[in-house]
Amino acid sequence: MKLIPVAVLTLALATPLTGCGEDQPAVCSSVDDLQTSVDEVRDIEVSSSGALGDLESGLEAVGSDLSDVKSDAKAEFSSQIDTVQASYDALAASIDTAKESASAATLSAAATALSTFGSDVRTLVTDVQETC
């Protein structure tokens, strides 16, 4: 049984996130770290029995990196960061719900939340990279 469809993960996080150059603002480096964490979540084998646990652990790393981006970006990207934070919180909640009661409905909700999160992260990264 697939916990979260592979196609959803691929679509949600498919756009490669490119890094910033050297001697750039700290936000460029923290966005690179966020990219790495998101890539690791994207690479989780969703058909494995521990996929939800792996996803939850991966999201902890993403959350930590997102916190660094928030600190480094300050007010310049506050709107985008607020959007990513809200979608991250919704994704984490949907993963918790799916872990507690795995069903087609809870897994579908998690997949939708993952797609939204992926889109919001891509927007943030694109906006930050324009300043790097």
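The model is predicted, so local features need pLDDT of at least 70 and side-chain atom pairs count only at pLDDT 80 or more, while totals for chains, interfaces and linings use all residues. Residues are numbered from 1 along each chain as its sequence is written, and side-chain values use heavy atoms, with hydrogens and water left out.

Helix 3 covers residues 51-73, helices being DSSP runs of H or I with at least four residues, numbered from the N terminus. Its 23 residues should span 33 Å, and the end C-alpha atoms sit 32 Å apart, which agrees; the expected span is 1.5 Å times one less than the number of residues. Its buried residues (under 20% relative accessible area, 1.4 Å probe, protein chains only) include Leu55, Leu59, Val62 and Leu66. They pack against helix 2 (26-42), helix 4 and helix 5 (104-129), contact meaning heavy atoms within 4.5 Å. Lysine 74 comes after helix 3 with a positive phi, near 55 degrees.

Beyond its neighbours within four places in sequence, leucine 34 touches Val62, Asp65, Leu66, Val69, Val121 and Leu124.

Glutamine 80 lies in helix 4 (residues 78-100) and counts as buried because its relative accessibility is 19%. Leaving out residues up to four places away in sequence, glutamine 80 touches Leu124 and Asp127.

Terms used: Helix = DSSP H or I, 4+ residues; strand = E, 2+ residues; numbered from the N terminus. Buried < 20%, exposed > 50% of the residue type's maximum accessible area, 1.4 Å probe, protein only.
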